[in-house]
Amino acid sequence: MPRAAGWFLLIFAVGCHGPSVVVSPASPRPTSPQGEIALAPVKPNRIEPTLANVPALDAKTADPARLFAANASSFRGLDDRSCILLAAKQSRFGNLLDRENEKPSIHVLLGKRDCPYGARDELLRELRRLAALEARHRDAAESLDRYYQLADAEARTELLANGLKSFDDLRALAPRLRAAGLPVPDEDELTRQRAKLLGELESAEAGIKLLNVDLQSRLGLPVKGTERLWPIGPFEVALAAPDKEAAVARALERRADLQFLRALYLGANADTLPILGEQLKTMHALAGAAAPAIPSGLAASRSEKFLAEWKSASQAEIEIRKQQLFDLIADREKLAAAEVRTAALQMDGAARRIALAKGRAESWKAKIDSAAKENKPFDRLPLELEWYKARADLVQEVMAWHRWHARYRAALGTLLDESSTEKQK
């Protein structure tokens with residue numbers, strides 16, 4: 001008893017080293033703006049700005065060349081392949097995952113036995129590779145869509161600027177036409193029409209500037225300064241329709257998102273169960289619930305029955321995970337096939353619309369040639385305006401086809417192939 005009392009006194013003197021609860025005071029870091037805001041009652045008043053207080057531009061004399069920046073800015077040529085490669089190299093998540101795979105592997109040795117986490121590490125590295133490939137492919141596809149939007153905007157803006165020149169020629173001819181008794185709008189009406197055309201040209205230029213900033217950022221190019229990108233094509237349209245079923249088979253084989261799910265499915269075993277659960281959680285928060293870890297203190301010699309039960313339970317979970325992944329793969333394959341077929345069908349429709357727009361443009365051109373032969377500028381100039389509009393419509397349909405063609409190639413999963421120098425047919 002005295003010995004026990006001595007131990008008690010020693011523990012009491014030294015202090016208890018058992019578990020304890022320590023509560024630290026909070027350290028708030030508020031970010032909300034300070035001060036109270038009270039909204040005063042008001043009577044509705046005029047919101048429309050006074051004309052004297054807004055910028056002014058004389059529509060009669062405004063130079064369209066100053067609005068159409070393609071006449072003066074410096075440009076860098078950009079083609080389809082360069083757009084794909086630059087966007088893929090710049091991919092934020094692609095680079096992030098590649099750098100993650102540069103991290104060295106750390107294996108714990110228990111005696112002479114390898115730690116079972118080696119299989120997990122190998123599967124994770126392959127999944128990161130496929131996820132990085134998919135991220136680069138997705139970024140390339142989005143940049144390619146912007147590329148064709150920019151080509152569409154630049155081409156139609158140039159046609160609009162040319163149409164404005166024809167309008168100015170017609171406007172200069174208006175006094176002579178009125179003197180000859182021909183029905184011509186008065187000068188005020190022509191000025192209003194010119195102001196509308198100038199506004200459309202300025203809006204188109206603003207859109208082009210936004211597309212340049214967006215595309216330059218995606219491609220890792222400098223955004224500062226006045227330098228712009230100029231799409232250099234080619235922009236021909238393939239006449240032959242793609243073989244849809246052969247394209248679907250190719251997509252099912254090549255797409256990185258499908259390869260990712262298949263790698264998970266083929267890599268499913270007791271060691272990789274945590275990875276399977278984590279990936280399923282990314283698809284739905286309530287999926288992929290993880291089983292509790294095996295208590296490390298259980299010795300094999302004393303828990304053979306427990307380990308056998310645990311192995312049986314793990315095998316059951318593996319089968320469930322594999323079935324879940326099998327169903328996900330089947331659904332993703334259906335989605336991939338639908339994306340390929342949809343893009344191919346849209347390409348077919350766009351090709352027909354191109355043919356119709358081409359016919360309209362050619363019809364206006366024939367009328368212009370006829371008026372030019374008869375030396376009737378008062379007939380030719382209004383026709384030229386319609387011809388430029390018809391050509392702009394044709395450009396729009398051509399670029400719509402190219403955008404669907406880009407989506408078709410993206411649905412195949414082949415944008416990053418070396419063969420991307422030539423568009424997949």
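User: What makes Leu221, Pro222, Val223, Glu227, Arg228 and Leu229 count as residues that glutamine 216 touches?

Analyst: In this predicted model, a contact means heavy atoms within 4.5 Å. Leu221, Pro222, Val223, Glu227, Arg228 and Leu229 are listed as touching glutamine 216, leaving aside residues up to four places away in sequence, so each of them has heavy atoms within 4.5 Å of glutamine 216.

User: Why is glutamine 216 called buried?

Analyst: Look at the relative accessible area: for glutamine 216 that's 5%. Buried means under 20%, so glutamine 216 gets the label.

User: Where does glutamine 216 sit?

Analyst: You'll find glutamine 216 in helix H6, which runs over residues 187–219.

User: OK, zooming out. How many helices and strands does the protein chain have, and what share of its residues is buried?

Analyst: There are eleven helices and four strands. Of the 425 residues in the protein chain, 32% are buried.

User: How do you know how confident the predictor is?

Analyst: Check the pLDDT, which goes from 0 to 100. The protein chain has a mean of 82, with 80% of its residues at 70 or more. Over residues 7–12, though, the pLDDT is below 50, and that stretch has one contact beyond near neighbours in sequence. Residues 418–425 are also below 50, with 22 contacts in the model beyond near neighbours.

How values were computed. Residues are numbered from 1 along each chain as its sequence is written. This is a predicted model: local features need pLDDT of at least 70, side-chain atom pairs count only at pLDDT 80 or more; totals for chains, interfaces and linings use all residues. Side-chain values use heavy atoms; hydrogens and water are left out. Helices (H or I, at least four residues) and strands (E, at least two) are DSSP runs, numbered from the N terminus. Buried means under 20% relative accessible area, exposed over 50%, partly exposed in between (1.4 Å probe, protein chains only).
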